[in-house]
Amino acid sequence: LNATLTIDPAFRVAPVNRRTFGSFVEHMGRCVYTGIFEPDHPTADEDGFRKDVLELTRELGVSLVRYPGGNFVSGYRWEDGVGPVDQRPRRLDPAWHSIETNEFGLGEFARWARKAGVEPMMAVNLGTRGVQEAIDLLEYANHPGGTRWSRLRHEHGSPEPYGIALWCLGNELDGPWQIGHKTAREYGRLAAETARAMRMIDGDLELVACGSSGSGMPTFGSWEAEVLDEAFDLVDHISCHAYYQEFDGDLSSFLASAVDMDRFIAAVTATADHVAAKRGSRKRIGVSFDEWNVWYQSRHRETGNPTDWEVAPRIIEDEYNVADAVVVGNLLISLLRNTDRVAVACQAQLANVIAPIRSEPGGDAWRQTTFHPFALTSRLASGEVLQVRNSSPSVRTARFGEVDVVDAVATHDDDAGTLTLFVVNRSTEDDLRVTVDLRGLAAHEVAEAWTVHDADVRATNTEQQPDRVTPHPTADVQLTAGTLAATLPAVSWTAIRLT
Ligand code: AHR
């Protein structure tokens with residue numbers, strides 16, 4: 001197969017937004033406990049943070065981390081997680097049928113985030129709680145001192161405010177599984193009033209209203225419209241959540257998951273712009289794609305919550321294969337392509353729970369296959385995002401109709417003199433020869449080129465074989481007179497940096 005791509009400086013979307021490379025740490029399963037935090041682990045530092053997982057987090061290139069949930073936050077009392085650890089209560093976590101020990105809370109998260117070099121993104125509980133608890137938390141986290149909650153933070157050993165700028169107003173409250181599930185009107189009112197009060201304390205906060213927990217929700221579209229009818233003036237962003245998986249061996253549809261992500265973003269921004277139009281407003285609501293990933297949810301539904309009120313049980317520890325990594329790389333291509341509207345994106349989650357980083361209690365930490373396209377995209381995307389004109393064969397998929405076999409995006413950094421192409425071959429059978437017209441963009445040599453691919457698309461990384469799947473130098477890539485050519489194997493993701 002052959003495909004022709006065109007990259008032109010005129011195809012500019014917007015500057016690369018570092019917040020595209022966010023992740024998510026929820027009190028769920030082993031993401032916190034024995035994931036990022038394990039005081040007894042041989043690599044634990046003075047705060048109980050696993051240094052091996054911290055190092056992998058930095059290598060992954062994560063820019064921001066959302067915390068503490070997820071479904072967990074909708075039943076969470078943040079006060080349980082601050083102050084002397086031996087006085088913190090053990091609680092039932094109804095969301096994940098687990099015991100929450102509260103050994104890790106806001107102060108630990110803020111310290112961990114500083115060590116990891118990531119921006120914290122905090123969620124407030126709008127499931128069982130409301131305006132008062134949200135502004136108490138904000139006062140504890142961000143107010144310099146001299147008040148009840150800020151003084152308490154001082155007493156707890158953190159005189160410096162945490163300075164958290166980005167806040168989620170609850171989580172997935174459209175979902176009937178959510179503790180404190182609400183109608184769009186109920187939630188929209190609560191989100192608006194919580195936002196109003198939070199802004200009275202700090203007018204510079206960035207606030208995210210809950211959108212739909214998936215584009216397949218029966219209320220999708222009307223939920224966003226009704227919530228924004230109530231909260232438009234008081235919020236900056238609306239959330240999107242999307243998880244993809246291969247159903248019944250339909251690899252072609254699975255490989256085209258990014259088509260769905262593009263459509264999802266288009267539908268949500270159109271809905272937000274419709275609300276803006278009704279109000280005669282030029283304000284543009286951003287998308288906070290604060291949960292996205294591959295997740296074999298059907299397996300999870302079959303097995304249910306395998307836990308009987310355990311501490312840090314093993315929940316949804318999906319083991320990712322090569323096809324999953326190609327899809328993750330393609331979802332990042334979609335997020336970059338939509339960078340003019342995607343203000344924040346968080347891959348869910350960071351460690352153990354549907355995560356790029358796996359760790360065993362007392363044992364090793366390793367990179368899943370999905371780690372690699374994320375780390376490379378985060379490292380190589382810089383400057384301006386450029387759309388790529390695509391003239392490639394198409395393939396029929398059962399779920400998404402006719403889709404391009406190739407999908408690509410580029411970034412161009414004038415100052416650094418780099419042009420980087422991110423590209424996938426979604427064909428399940430054929431290698432693909434791509435020819436890229438660079439339209440006068442200066443490029444002298446191929447500085448680096450990496451491909452994630454394996455003859456066995458089901459190959460995974462495990463504790464025993466942690467580097468079974470890694471990126472390899474792209475086998476066949478040439479740059480001649482303004483044209484880049486490369487051969488992309490079937491089911492592969494590639495990044496090529498030109499200088
Ligand atoms: O990331 C796992 C769960 O998926 C989150 O807790 C929830 O928000 C979503 O349904």
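Guide: Axes are lines fitted to C-alpha atoms, for helices over the stretch in contact, with angles from 0 to 180 degrees between N-to-C directions. Here the axes of helix 3 (residues 131–142) and helix 4 (residues 148–155) come within 7 Å and cross at roughly 45 degrees. Helix 3 is therefore oblique to helix 4 (under 35 degrees is roughly parallel, over 145 roughly antiparallel, 65 to 115 roughly perpendicular, and the rest oblique). Helices are DSSP runs of H or I, at least four residues, numbered from the N terminus.

This is a predicted model: local features need pLDDT of at least 70 and side-chain atom pairs pLDDT 80 or more, while totals for chains, interfaces and linings use all residues. Residues are numbered from 1 along each chain as its sequence is written, and side-chain values use heavy atoms, without hydrogens or water.

Visitor: Which residues of helix 3 and helix 4 make the contact?

Guide: Contact means heavy atoms within 4.5 Å. Helix 3 contributes Asp136, Glu139, Tyr140, Ala141 and Asn142, and helix 4 contributes Arg148, Trp149, Ser150, Leu152 and Arg153.

Visitor: How many disulfides are counted?

Guide: A disulfide is a pair of cysteine sulfur atoms within 2.5 Å; the count here is zero. The closest cysteine sulfur to that of Cys31 belongs to Cys346, 12 Å away, which is too far for a bond. Cys168 is likewise in no disulfide, with the sulfur of Cys346 nearest at 7.1 Å.

Visitor: Does Cys31 count as buried or exposed?

Guide: Buried means under 20% relative accessible area, exposed over 50%, and partly exposed in between, using a 1.4 Å probe and protein chains only. Cys31, at 0% relative accessibility, counts as buried, and Cys168 is buried at 2%.

Notes
Helices (H or I, at least four residues) and strands (E, at least two) are DSSP runs, numbered from the N terminus.
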